[in-house]
Amino acid sequence: MAHELIVIDRKPLQLRRAVISPAWKDEKVLTSDVWTYVDLWMRRNAKGSDAQFYWQQSREFYRASQGLPITASPLTLYYCFLNATKALLASKKIKFLDLHGVTGHKTASKASLSNERVVFKSGGVLPALISYYGDAQNGNYTLKELLGNMSFVHRAYCLSYSEPYHFFSIFDPVYAKARGSSEAWVSFEMEPRFNDRRVLATLPPGYQKNPTFSDVLVIRRKKRFKWKSGPAERGANLTRLTEYHKKLRRNLTYVSGADRWYLKRRHSNLVSVDRHTPTLIFAAMHRLSELSRYDPIRLSRILDTQRNWILAEFVKSSPTQFLDEIACEITGQEIYAPGIHGGSSLSLS
């Protein structure tokens with residue numbers, strides 16, 4: 001079936017990093033200081049809330065974490081994430097109980113990521129964030145399972161555990177429609193090496209190879225949404241697009257530092273946690289903060305195991321990923337640091 005790209009203001013409509021309310025018509029934001037930009041945005045758009053205060057608190061905890069050893073920094077980084085989450089919830093006028101909403105415990109004396117369990121509770125900041133994204137409440141996972149479902153550390157994870165890769169790298173995720181029809185869908189390219197029947201069988205449910213293309217591997221979502229022509233349909237089109245987009249983002253994730261998109265696989269040897277990445281980061285960092293505060297010797301022992309690389313990568317990379325996602329979620333915009341190619345990952349300095 002012949003198709004064409006959906007265009008807004010003469011620009012192809014691409015997948016957006018904000019999940020719930022993307023600002024589809026806004027230009028990309030380039031800023032060397034995301035803290036100040038979001039702070040100013042909230043002054044204009046979140047008046048009468050405590051969002052700005054929480055965002056400033058998040059920044060102070062982030063600064064406090066700089067220079068701390070890996071056995072200590074999870075404590076301040078967790079409170080950075082906690083306050084950033086409160087800023088998001090307050091900016092959206094979402095009420096929440098002033099509780100963490102998550103706890104953890106060890107399941108065996110041996111220090112390992114598989115023996116650290118994280119339990120989602122029914123009330124507090126994390127449950128409010130989970131509700132915001134529309135994910136299922138309550139959950140019980142190991143730290144290993146949480147880390148295995150984060151695309152920004154998945155390479156380190158797979159090498160650490162010698163497991164199959166959990167994510168397909170994808171390119172040019174755009175929204176397209178059939179010519180002469182209102183049927184529209186998300187479409188993207190994948191590396192030619194994935195063009196194998198056995199590999200494509202591990203695509204998540206609802207995705208398929210587009211047989212129209214013979215020279216490149218193009219994957220599309222089977223489920224469609226309506227994109228109708230005419231000025232009178234603009235508002236309704238964006239409403240339908242936003243609802244469609246929300247449902248995609250559990251499986252379609254991005255890596256802030258590389259500005260790359262990934263599609264989560266479905267594989268019999270992999271434990272899939274169908275939740276949005278910020279909720280996974282929040283929960284994992286909370287457990288590490290508990291260890292840092294109450295049992296730093298156990299945390300040190302985990303770091304002394306052969307899996308220390310994945311944990312070190314998570315502690316190092318998660319602030320950029322988490323705060324990038326929260327900043328884009330607060331504003332609805334695509335926020336980048338100025339770069340040679342018009343933008344790189346956001347700067348937290």
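Two residues are in contact here when heavy atoms of theirs lie within 4.5 Å. Keep that cut-off handy for the tour, and remember that what you have open is a predicted model.

**Stop 1: the whole chain**

Start zoomed out, with everything in cartoon. The protein chain holds eleven helices and 15 strands, and its C-alpha trace spans about 65 × 50 × 40 Å along the principal axes. A compact globule of 349 residues would have a radius of gyration near 20 Å, and the chain's own 20 Å agrees with that.

Colour by burial next: 55% of the 349 residues come up as buried. If you draw contacts between residues at least 6 apart in sequence, 68% of them join residues at least 24 apart.

Colour by charge and you get 51 positive and 31 negative charges, whose mean positions are 4 Å apart.

**Stop 2: Ser-58**

Select residues 51-65, which form helix H2, and pick out Ser-58 within it. Is Ser-58 buried or exposed? Buried, with a relative accessible area of 0%.

**Stop 3: the cysteines**

Cys-80 is itself buried, at 0% relative accessibility. Which cysteine sulfur is closest to that of Cys-80? The one in Cys-328, but it sits 15 Å off, too far for a bond. Cys-328 is likewise in no disulfide, and it is buried too, with 0% relative accessible area. With a cut-off of 2.5 Å between sulfur atoms, the disulfide count for the model is zero.

**Stop 4: helix H4**

Finish by selecting residues 125-133, helix H4. Eight of its nine residues are buried, so the helix is largely enclosed by the rest of the structure. To see them, show side chains for Val-125, Leu-126, Pro-127, Ala-128, Leu-129, Ile-130, Tyr-132 and Tyr-133.

What covers these buried residues? Bring the elements up one by one; the cover includes:

- helix H3 (73-91) and helix H9 (277-294)
- helix H11 (308-331)
- strand S5 (102-106) and strand S6 (116-120)

Then step past the end of H4 to Gly-134, which follows the helix and has a positive phi, near 80°.

Conventions
Residues numbered from 1 in each chain as written. Predicted model: local features only at pLDDT ≥ 70, side-chain atom pairs only at ≥ 80, totals over all residues. Heavy atoms only, no water. Helix = DSSP H or I, 4+ residues; strand = E, 2+ residues; numbered from the N terminus. Rg over C-alpha atoms; globule rule 2.2 N^0.38 Å. Buried < 20%, exposed > 50% of the residue type's maximum accessible area, 1.4 Å probe, protein only. Lys, Arg positive; Asp, Glu negative; His and termini not counted. Charge placed at Lys NZ, Arg CZ, Asp CG, Glu CD.
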